[in-house]
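Here is a short briefing on one structure. Read it beside the sequence and the model.

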Amino acid sequence: MTIKVYTSSSCPYCMRVKKFLKEHGIKFKEINVSRYPEAAKELKRKTGQTGVPVILFGNHKVVGFDEGKLRRFLNIR
Amino acid sequence: MDFSIIKTGNDSKKKHYSAAIIGSGPAGLAAAIYLGRSKVETAVFEKVVPGGYVVNVEKIENYPGFAEGIAGEKLGSLYAKHAEKFGAKILTEEVIGLKLNDKPFLIETSSGAYSSDSIILATGTSTKKLGVPGEEEFTHKGISFCATCDAPFFEGENITVIGAGNSGVQESLYLSRFAKHITIVELLDHSTAEPILVDRLKEADKIDLLVSHCVVGFSGEKMLNSVEIKNITNGEIKKLEVKGAFIYAGEVPNNELIKDSLELDDRGFIVTDERLRTSVNGVFAAGDVRNTPLRQIATSVGDGAIAGHEAYKFLEGIK
């Protein structure tokens, strides 16, 4: 299952999410909305979110750096 | 709070430090540099990324030495490298509990527990919420607190910025690269931003400043569609049709960890003396979280230097 992480270039919580996933050896696809403005429109249309980070995998959506949710949904101990 | 797992001494995984700094903004990392150069074993705890709030700022123009400005992310990274060069250990762990009533002080984090002989609190501030209807509901569904993070979502839209202080005006100028039009709503009858920023605001043709108004609510269906504002001179209420709202209406101290254990002023900022000592011996406060007349990067760095030096003197005194 592909994990998509929507980020922007100057977003501290996006950096924190990426660091957390890397520390736990989890592969993900990063979509930077600063570089790809169309991705911002797509995310807004699909999820109603106007902020990053947003992490999508399967039916799950995590907004912001929520370590508890990330651990639970990704089965990280 | 369970501190029973704390071990001190020469464990393979070090859990005890001479100095622990909570927060890695300019104050925390300046303190770490001074402590490191004094050969004090120092840990810096950071819940997001090194640099603190500075990382959110697109361009900093009033910090000495950078006449052309420097990106906040870059400055934060330079601070972290500088602190690490002199031996500070930066731990990306959120501090969730502090026990200050006995020594060594105890620190519980999202990943473990530590002890320390001295503590410097450099936890900074957070953007103050307005506390009006719709604010929670539409946060990240039109409402944002970080222009550099979320600006791309408002390309070609009409938006509002709440607050015409330094942050509100600076971020409005940044957002004007994306938004179609910006209305800044300010409670006072004037902007409190630096005059140089007010001049830029006057020259910006996509930004209007609406003074003597406050926000009374946010509305929409699934996403934000409008903001209700009130004229505080005549009580008239009207709606701004906007897809986005960025809130920069003041700051509140990040004091949750210590609000029951240290003396605070009437707004919740930590009370210190001129040597940045708090009401608990061995605990210091630096930067925006303390009661200071000016909250800037330059003043935070100065605070960090004093707190680091004072913590070193405190540690020398007890050795």
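A crossing is left-handed if the near helix is turned anticlockwise from the far one by less than a right angle, and right-handed if clockwise. This is a predicted model: local features need pLDDT of at least 70, side-chain atom pairs count only at pLDDT 80 or more, and totals for chains, interfaces and linings use all residues. Residues are numbered from 1 along each chain as its sequence is written, while chains are lettered from A and ligands numbered from 1 in the order in which they are written.

**Helix pair in chain B**
- Helices (DSSP runs of H or I, at least four residues) and strands (E, at least two) are numbered from the N terminus.
- α4(B) (residues 166-175) passes α5(B) (residues 195-203) in a left-handed crossing.
- Their axes, lines fitted to C-alpha atoms over the stretch in contact, come within 10 Å and cross at roughly 40°.
- Asn166(B), Val169(B), Gln170(B) and Leu173(B) of α4(B) meet Leu197(B), Val198(B), Arg200(B) and Leu201(B) of α5(B); contact puts C-beta atoms, placed from the backbone, within 7 Å.

**Helix α1 of chain A**
- α1(A) (residues 12-23) has 12 residues and reaches 16 Å from its first C-alpha to its last.
- Pro12(A), Tyr13(A), Cys14(A), Met15(A), Arg16(A) and Val17(A) are buried, that is, 20 or more other C-beta atoms lie within 10 Å of their own.
- The buried residues of α1(A) pack against β1 (4-7) and β3 (54-57) of chain A.
- Gly25(A), with a positive phi near 65°, follows α1(A).

**Chain contact**
- The contact takes 22 residues from chain B and 20 residues from chain A.
- Helix α3 (residues 147-150) of chain B gives the largest share of its side, 3 residues.

Methods:
Axes fitted to C-alpha atoms, helices over the stretch in contact; angles between N-to-C directions. Contact = placed C-beta atoms within 7 Å. Expected span 1.5 Å × (residues − 1). Buried ≥ 20, exposed ≤ 12 C-beta atoms within 10 Å, placed from the backbone.
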